[in-house]
Amino acid sequence: MFRVDISTAVFLYMTLSLLVIFLLWIFFEKKSILPKFIREKADVWECSICTHTYVDSTHHEISRCPQCKSYNKRSSKERLI
Ligand SMILES: [Zn+2]
């Protein structure tokens, strides 16, 4: 067995512990795939009367503007976007 003094032993213990924690962190970070927050372009509406831009994901063809309360119809050109 080789001899080490106490400071070298503490240094090796701390370094190896931090290395193990770092490797576990990298391992679990790669496993977790975070969901990306992507707002669908089809949910974004722009009012044709007041040009207010709002999000309505519940309606697909006709939506009501929350600002001026007018109805907006989705045009076929916007749907392709
Ligand atoms: Zn409006």
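Me: Which pattern does the protein follow along the sequence?

Reply: Helices (H or I, at least four residues) and strands (E, at least two) are DSSP runs, numbered from the N terminus. The protein has two helices and four strands. Read along the sequence, they give the pattern α-β-β-β-β-α.

Me: Which element has the highest mean pLDDT?

Reply: pLDDT is the predictor's confidence in each residue, from 0 to 100. The protein averages 85, and 89% of the residues score at least 70. Among the elements, helix α2 (residues 76-79) has the lowest mean, 52, while the highest, 93, belongs to α1.

Me: Why should some predicted coordinates not be read in detail?

Reply: Helix α2 has a mean pLDDT of 52, the lowest among the elements of the protein. As a rule, the coordinates should not be read in detail where there is low pLDDT.

Me: How many residues of α1 are buried?

Reply: Helix α1 covers residues 6-31, which makes 26 residues. From first C-alpha to last it reaches 38 Å, close to the 38 Å expected at 1.5 Å a residue (the expected span is 1.5 Å times one less than the number of residues). This helix lies largely in the open, because its number of buried residues is zero.

Me: Which residues does Val55 contact beyond its neighbours within four places in sequence?

Reply: Val55 sits in strand β2 and is exposed, with 12 other C-beta atoms within 10 Å. Two residues are in contact if their C-beta atoms, placed from the backbone, lie within 7 Å. The C-alpha atoms of Val55 and Asp43 are separated by 5.5 Å, although these residues are 12 apart along the chain. Leaving aside those neighbours, the contacts of Val55 are Asp43 and Val44.

Me: And which residues does Asp56 contact, on the same terms?

Reply: Asp56 is found in the loop between β2 and β3. Its C-alpha atom is 6.9 Å from that of Trp45, 11 residues away along the chain. With neighbours up to four places off set aside, the contacts of Asp56 are Asp43, Trp45 and Ser63.

Me: Which residues does Cys68 touch, not counting those up to four places away?

Reply: Cys68 lies in the loop between β3 and β4 and is exposed, with 12 other C-beta atoms within 10 Å. Between Cys68 and His52 there are 8.5 Å from C-alpha to C-alpha, and they are 16 residues apart in sequence. The residues that Cys68 touches are Cys47, Ile49, Cys50 and His52.

Me: What is the phi of Lys69?

Reply: Lys69 is in the loop between β3 (62-64) and β4 (71-73), and with 10 C-beta neighbours inside 10 Å it counts as exposed. Although Lys69 is not a glycine, its phi is positive, at about 65°.

Me: What is the phi of Thr51?

Reply: Thr51 has its place in the loop between β1 (44-46) and β2 (53-55). Thr51 is exposed, with 10 other C-beta atoms within 10 Å. Its phi is positive in a residue other than glycine, near 55°.

Conventions:
Residues are numbered from 1 along each chain as its sequence is written. This is a predicted model: local features need pLDDT of at least 70, side-chain atom pairs count only at pLDDT 80 or more; totals for chains, interfaces and linings use all residues. A residue is buried if 20 or more other C-beta atoms lie within 10 Å of its own, exposed if 12 or fewer, and partly exposed in between; C-beta atoms are placed from the backbone.
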